[in-house]
Structures are given as structure tokens and as C-alpha cells.
Amino acid sequence: MNNSLNTRSMIFTLYGDYIRHYGSEIWIGSLIRLLKEFGHNEQSVRAAISRMNKQGWVQSRKEGNKSYYFLSPIGVDRMEEAANRIFKLKPDDWDGNWRMLIYSIPEDRRNVRDELRKELVWSGFGTISNSCWLSPNDLTKQVYALLEKYDIHDHVHYFISEYKGPHESRRLVEECWNIAEINEKYEQFINEYSKKFEHDQKRIQKGEISDADCFVERTKLVHEYRKFLFIDPGLPQELLPEKWLGSQAASLFADYYRELAEPSSIFFEYVFDDGNELKKKDKEYDVLQHPLIIED
């Protein structure tokens with residue numbers, strides 16, 4: 001098994017890209033079967049989903065002797081937020097405001113402070129100084145969700161403000177994020193996956209790749225691309241450098257995804273339907289036109 005494909009992380013990918021379009025619930029047997037394609041064994045899948053259950057991302061129910069796991073409200077919100085960011089083809093426009101979050105969390109709640117930092121990075125905040133986080137994006141909803149989740153209302157201040165200098169706003173970007181390093185990561189993704197895309201496109205056209213293989217490749221593609229959620233803050237166009245590779249990577253991802261979409265969904269539905277009533281949220285859902293890929 002490829003150790004980089006962590007079992008719990010892969011389950012998040014499957015919920016985000018597949019399961020949430022089919023009622024957000026799956027029989028554990030189907031989940032085990034799907035993850036077998038990546039070399040994960042039953043024990044590791046059960047341990048990972050149990051951990052996600054304890055962390056509040058999923059909930060479970062019994063039907064006879066079958067166990068089903070479905071996304072919790074927190075899990076649904078996280079998957080929706082992640083999908084909107086993953087399938088966004090171009091940066092948002094900027095309203096010119098900065099969001100600033102300052103916290104002072106007591107030492108006896110250090111674990112909460114550490115978890116909060118991880119959440120802020122994931123949402124797209126950057127640090128300009130100790131305990132002072134900035135973002136040009138409207139993350140107010142996410143901020144208040146975190147205040148509620150960690151019960152830290154008494155230790156946080158949140159501002160929406162304008163930057164009045166003495167430098168340009170791009171100076172703040174340089175201090176909060178390593179844009180050059182993010183660009184390098186995008187360049188690596190483009191170099192690797194443009195070759196894979198060309199190779200798989202030819203195999204699909206010639207009928208040389210199975211539905212199961214397409215499922216594996218699509219899942220790996222999404223799994224790899226979603227890592228950018230942890231490093232790319234999703235800056236608006238006005239604050240990006242002239243040479244920004246994020247948009248090129250997004251286009252490559254969308255094209256590759258579409259090529260793999262139909263056969264991979266056929267395989268997923270075959271396995272999913274073995275233990276679940278096949279129910280899509282949207283009866284008109286078309287895998288060739290993923291609703292989150294289409295621009296507003």
C-alpha cells in the first residue's frame with residue numbers, strides 16, 4: 001500500500017467527491033470494498049471511520065446487521081466548503097477588505113489553540129504576527145463556526161477592515177504566505193499530471209482502461225489536488241503575482257477530472273449499490289458536468 005494515501009484522508013476524499021452526491025451515507029462494506037482498490041485492508045478502514053466518528057465528522061446507524069456511516073452536519077459543511085474551493089476555476093473578486101482574527105487562548109487550553117491554528121490555515125488565513133491572522137477573503141461564517149466549535153468566544157477578536165499602508169496590500173501577502181513556494185507546488189502538479197492526463201486520455205479513447213482503474217485515478221487526482229487546500233489561501237486576483245500557476249493547475253485538474261468522471265462513477269455506483277439504495281441528491285446529476293466545476 002502507498003503509505004502516502006492515508007486511510008482516513010482517503011475516506012474524506014471519497015465522501016467529498018462521491019458519497020455526498022448519494023445521500024452522504026454508505027454501508028461500511030461498500031466503503032471497505034472501495035478502499036481495497038488502493039490497498040487498504042478492512043481493519044484500517046474500520047479504525048479510520050471509527051476515528052472520524054469520534055471526531056464528529058461522521059455519524060453511524062444500524063440497519064439489521066449492517067452499519068452505515070453518514071456525514072454529520074459539521075462534515076457536510078466541511079465537504080461543501082472543500083468542494084467549492086477545489087472545483088473553483090478562477091479566483092474570486094476582492095472587496096478590498098481584510099479579515100483579521102486575534103486570539104489569546106489560555107495555556108491550559110493549548111490543545112484547542114493548536115487545533116484552531118490548523119483550522120485557520122485550512123480556511124486560508126495567514127499569520128502576520130503571533131496570534132494575529134489575516135485573510136482578504138470573507139471567512140466570517142467560518143470564523144464564527146470555529147468560535148462555536150471550540151467555545152472560544154471570550155478569547156477572540158475579529159475585525160473587517162481596510163489596510164491603510166504604509167505599504168501596498170501585496171506586502172501583506174508576502175508577509176503572510178510564501179507565494180513562490182505555492183507556485184512551485186503548482187508547477188510540480190502541472191508537470192506530473194499533464195503527462196498522466198495525456199496518457200490516460202489515450203487509454204480511455206482506445207478502451208484500454210477499466211472503470212475501476214478510472215475510479216482509482218480520479219480519486220488519486222482529487223486526493224492530490226485537494227492538498228492545495230492546506231497551502232493555498234485562495235487569494236483574489238488583485239493580490240496574485242503576474243506569474244500565477246494556480247489557474248493553469250485548476251484548468252488541468254478540471255479537464256482531467258471530466259475525462260475520468262463517467263467510467264469512475266460507473267464503478268463507484270456498482271460497488272455502492274451492493275449495500276446501499278442508490279440515491280443521488282440531484283436526479284439530474286451528470287458526472288460529465290460536475291455542478292461544482294461549472295462557473296457561476
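This report describes side-chain contacts in a predicted model, namely salt bridges, aromatic pairs and charges over rings.

## Basis of the values

Local features require pLDDT of at least 70 and side-chain atom pairs count only at pLDDT 80 or more, whereas totals for chains, interfaces and linings use all residues. Residues are numbered from 1 along each chain as its sequence is written, and side-chain values use heavy atoms, with hydrogens and water left out.

## Salt bridges

Side chains of opposite charge can pair when their charged atoms come close. The structure contains 21 salt bridges (a side-chain nitrogen of Lys or Arg within 4 Å of a carboxyl oxygen of Asp or Glu). One of them joins Glu80 and Arg20, with an N to O distance of 2.9 Å. Glu80 belongs to helix α4 (residues 73-86) and Arg20 to the loop between α1 (7-17) and β1 (25-27), so this pair ties together parts 60 residues apart in sequence. Helices (H or I, at least four residues) and strands (E, at least two) are DSSP runs, numbered from the N terminus. Arg20 is buried at 4% relative accessibility, while Glu80 is partly exposed at 28%; buried means under 20% relative accessible area, exposed over 50%, and partly exposed in between (1.4 Å probe, protein chains only).

Arg113 and Glu107 form a further salt bridge, with 3.2 Å between the closest N and O atoms. Here Arg113 is buried at 14% and Glu107 is partly exposed at 45%. Lys118 and Glu115 also form a salt bridge, at 3.6 Å; the two are three residues apart in helix α5 (residues 110-123), about one helical turn. Lys118 is exposed at 56%, and Glu115 is partly exposed at 36%.

## Aromatic pairs

There are 22 aromatic pairs (ring centres of Phe, Tyr and Trp, the last by its six-membered ring, within 6.5 Å; planes under 30 degrees apart are stacked, over 60 edge-to-face, and the rest tilted). The rings of Tyr193 and Tyr256 have centres 6.4 Å apart and planes at 55 degrees, so this pair is tilted. It connects helix α8 (residues 179-205), which holds Tyr193, with helix α10 (residues 246-272), which holds Tyr256, across 63 residues. Tyr193 is buried at 7%, as is Tyr256 at 1%.

Tyr256 also forms a tilted pair with Phe197, at 5.2 Å centre to centre and 40 degrees between the planes. Phe197 is buried at 14%. One aromatic cluster includes Tyr193, Phe197 and Tyr256, with Phe87 and Trp244 also among its members.

## Charges over rings

The charged end of Lys66 lies over the ring of Trp27, 4.4 Å from its centre (NZ of Lys or CZ of Arg within 6 Å of the ring centre and within 35 degrees of the ring normal). Likewise, the charged end of Arg85 sits over the ring of Trp122, at 4.8 Å from its centre.
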